Amino acid sequence: MSSRGQYQPMPLSVLLKRESSNEKIEKPEIVHGLASQSKKGEDFTLLKTECQRTMGNGVTTFSVFGLFDGHNGSAAAIYTKENLLNNVLNAIPTDLNTDEWVAALPRALVSGFVKTDKDFHKIGKKSGTTVTFVIIEGWVITIASVGDSECIFDSANGGMYYLSADHRLDCNEEERERITASGGDIGRLNAGCGTEIGPLRCWPGGLCLSRSIGDRDVGEFIVPVPYIKQIKMSTAGGRLIISSDGVWDALSAEAALDFCRGMPPEAAAAQIVKEALQANGLRDDTTCIVIDILPQEKPAAPSPPPKKPVKYLLMSLFRKKPSESFSYKDKEYMEPDVVEELFEEGSALLSERLNTKYPVCNMFKLFMCAVCQIEMKPGEGSSVHAGTSSLVKVCPWDGPFLCSSCQEKKEAMEGKRPSDRHCIDSD
C-alpha cells in the first residue's frame, strides 16, 4: 500500500461497491446492563441512551454512562450525577456538526468537571467522589475519569484497551510528584513505633486518590481535572465495562472479560459482580456497568439465509474474527478494522487542558469563562496562561480566559495560593 500523503487511484470496482452499499455509516445499537451490591450506599450510576441535541435542522442522539463512587458520604456522588452532564453540555458551543461536536468534547469535559467541583464546594459538604464518564456518539467513545473506577474496552475484532487512568497514589508516581510540588504531604497511616499501614494518602485529609470531585477538607491539589481518552471503534463494535474499585480490587481486566464472555450485558454485569464478591467478599460497594456497542441489523433480503442463534451471535461478537475472503485490491481500500485513538490527555494543569488548538479553539467564544461559561467584557477575565511557565511563548491577552473566581481556583489547584477547602467550617 502507498505511504501516507501519496495519491493512489481508487479502482472503479471499489467505488461502485461503496456506492451500492451506501456510504453513510449507521449509528450502532447500544445495549447495557447494570449490577450492584451495596455496602455503604455510596455508588451511583447514570445510564442515558437517548440524549438529544440539535444539529442543523434536525435532531441527533448520543449515549451517556457514568459511575460515581462516593466516599465520606454520598452527597458529592449524588450532586455530580445530577449536574455533571448539564455542565459538560453547556460548555459545548451550539450549531456544531457531528465531527466538530466530538472534537469539542475533551475541552468541554474538563470545564464540566471543574465547574461541578467548584459548585459543589459552595454547598459546604465534605464528601467526595470518583467519576468515570462515558459519552458515545456514533462509533466514537469519549471517556473522562478521576479516581479509580476504571473503564476497559474489548473490541469485537480482538484487543483489549484501558480507557481510564488510575489516580490512586500508590499507583501513580507522576501524581505524587505533582501533589508534593503543590504543597501536599504524602504518606501512610502511622500505627506507632514507626509502623506504617495502608495505602499512600494525601495529607491533610488522608485521601488515597490524587483526583476527585468534592473533598473540600483536603487541599486543592486533589484536582477534579479528568484524564480523557477518545477512540473511534471499527463498525464491528465491542464491549465496554465500567466498574468501581470493588470489582477491580478483586478481578483483573482480563478475568472480568473472560467471566462474562458470550453473555448479554445484564447477565454479564451480574456475573462480574458475583465473581468479585466470591473473590473478596462484600468489603465495599461493588458496581458494574456493561455496554455492548453493536452494528445495526440490516433489513432482511427477500430470501435470507437462516439466522444464527442469538446466543451464538453474542459469543462470536467478542471473538477475534478470521479474515474474510475478498480480493487483495478490495482489501487494500477498505477502512481499517481497528480501534483508532483520536485524543488522549491527562495533565492536571488547566493552562494545558483548555488551550485547545485550531480549529477547535475557534469553536469557543473568546470572552466567556472557559470553566463556568459566564460572559465577560474584554479586559475582565484573566488568561488561563497567567502565571504559568511554558516553553511556548504566550501573552497575557492570549485566551482562553477565566473569571476571577475560576482563576483563584486554578491558582489554588497549582499550589499558588492557600487552599480554602480546609478553612471552611463543617456543617
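Predicted model: local features only at pLDDT ≥ 70, side-chain atom pairs only at ≥ 80, totals over all residues.
Local features need pLDDT of at least 70, side-chain atom pairs count only at pLDDT 80 or more, and totals for chains, interfaces and linings use all residues. Residues are numbered from 1 along each chain as its sequence is written, and side-chain values use heavy atoms, with hydrogens and water left out.

**Aromatic pairs**

The structure holds 3 aromatic pairs. Rings of Phe, Tyr and Trp (its six-membered ring) pair if their centres lie within 6.5 Å; planes under 30 degrees apart count as stacked, over 60 as edge-to-face and the rest as tilted. Phe-62 and Trp-101 are tilted because their planes stand at 50°, with ring centres 4.9 Å apart. Phe-62 sits in strand E3 (residues 58-71) and Trp-101 in helix H3 (residues 98-121), so this pair ties together parts 39 residues apart in sequence. Helices (H or I, at least four residues) and strands (E, at least two) are DSSP runs, numbered from the N terminus.

Phe-153 and Tyr-161 form another tilted pair, at 6.3 Å centre to centre and 35° between the planes.

| Residue | Relative accessible area | Class |
|---|---|---|
| Phe-62 | 2% | buried |
| Trp-101 | 5% | buried |
| Phe-153 | 0% | buried |
| Tyr-161 | 29% | partly exposed |

**Helix H3**

H3 has 24 residues. Its first and last C-alpha lie 34 Å apart, close to the 34 Å expected. That expected span is 1.5 Å times one less than the number of residues. Of the 24 residues, 20 are buried, so H3 is largely enclosed by the rest of the structure.

The helix has a kink of about 40° at Leu-105, shortly before the proline Pro-106. The bend at a residue is the angle between axes fitted to the seven residues ending there and the seven starting there. Asn-97 caps the N-terminal end of H3, with a side-chain oxygen 3.1 Å from the backbone nitrogen of Asp-99.

Arg-107 lies over the face of Phe-364, 3.9 Å from the ring centre. The criterion is NZ of Lys or CZ of Arg within 6 Å of the ring centre and within 35 degrees of the ring normal.

**Gln-407**

Gln-407 is placed in helix H11 (residues 404-413). Gln-407 is buried, at 7% relative accessible area. Leaving aside neighbours within four places in sequence, Gln-407 is in contact (heavy atoms within 4.5 Å) with Ser-382, Ser-383, Ala-386 and Leu-402.

Methods:
Buried < 20%, exposed > 50% of the residue type's maximum accessible area, 1.4 Å probe, protein only. Polar contact = N/O pair within 3.5 Å; in protein donor to acceptor, adjacent residues only side chain to side chain.
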